[in-house]
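Let's take a walk through a protein model together. Have the sequence and the 3D view ready, and follow along.

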Amino acid sequence: MHIILKSYKIPIIVCVIFTGLLLYFIYTHYLFGITYKYEVFALGKKKSEKEITETAAFYRQVLAVNVKITRKRLKLKQDKLAEGCGISGKYIGKIEGVGASVGLDVLAALADGLGITASDLLDPEWPKAVALRFPTEDEEK
């Protein structure tokens, strides 16, 4: 009888682990929002595909403006910024021209290259703050 129990230990352990992972997956996705096929549930409100597209377009514009303003304040050319970030100059141009969707890796690289945080790049109020953070020689006097 002891031999029979040993042979069932591994499948039982695997089933318990699998069940635990499945419950964890369901629980975390239920609490923190579900994103499947353009259906977003944020605090119980379902967003339409149009709303998601508009929000994404808004943040692409915010990113474009914030990258351009900060780059110009730091007196960097697109190629120098691209070199510091490890991405191509053409891609920087597309980002500033609102022609590119940006992943988290590129967002982090841009923030590093500009010496600011990723949240600054997505902050609609950043153009007001950039003058305080990076004053020009005329403004320092």
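Is Tyr59 buried, partly exposed or exposed? With a relative accessible area of 36%, Tyr59 is partly exposed (buried is under 20%, exposed over 50%, partly exposed in between, using a 1.4 Å probe and protein chains only). Before going on, note that this is a predicted model, where local features need pLDDT of at least 70, side-chain atom pairs count only at 80 or more, and totals for chains, interfaces and linings use all residues. Residues are numbered from 1 along each chain as its sequence is written, and side-chain values use heavy atoms, leaving out hydrogens and water.

Tyr59 sits in helix H2, residues 49-73 (helices are DSSP runs of H or I, at least four residues, numbered from the N terminus). Parts of H2 are tucked away: Val62, Leu63, Ala64, Asn66, Val67, Thr70 and Arg71 are buried.

Now for the charged partners. Searching the whole structure turns up two salt bridges (a side-chain nitrogen of Lys or Arg within 4 Å of a carboxyl oxygen of Asp or Glu). One joins the side chains of Lys50 and Glu54, at 4.0 Å from N to O. These two are four residues apart in H2, so about one helical turn separates them. Lys50 is exposed at 60% relative accessible area, while Glu54 is partly exposed at 46%.

In the other bridge, Arg71 pairs with Glu96, their closest N and O atoms 2.6 Å apart. This pair links distant parts of the chain, with Arg71 in H2 and Glu96 in helix H4, 25 residues apart. Both Arg71 and Glu96 are buried.
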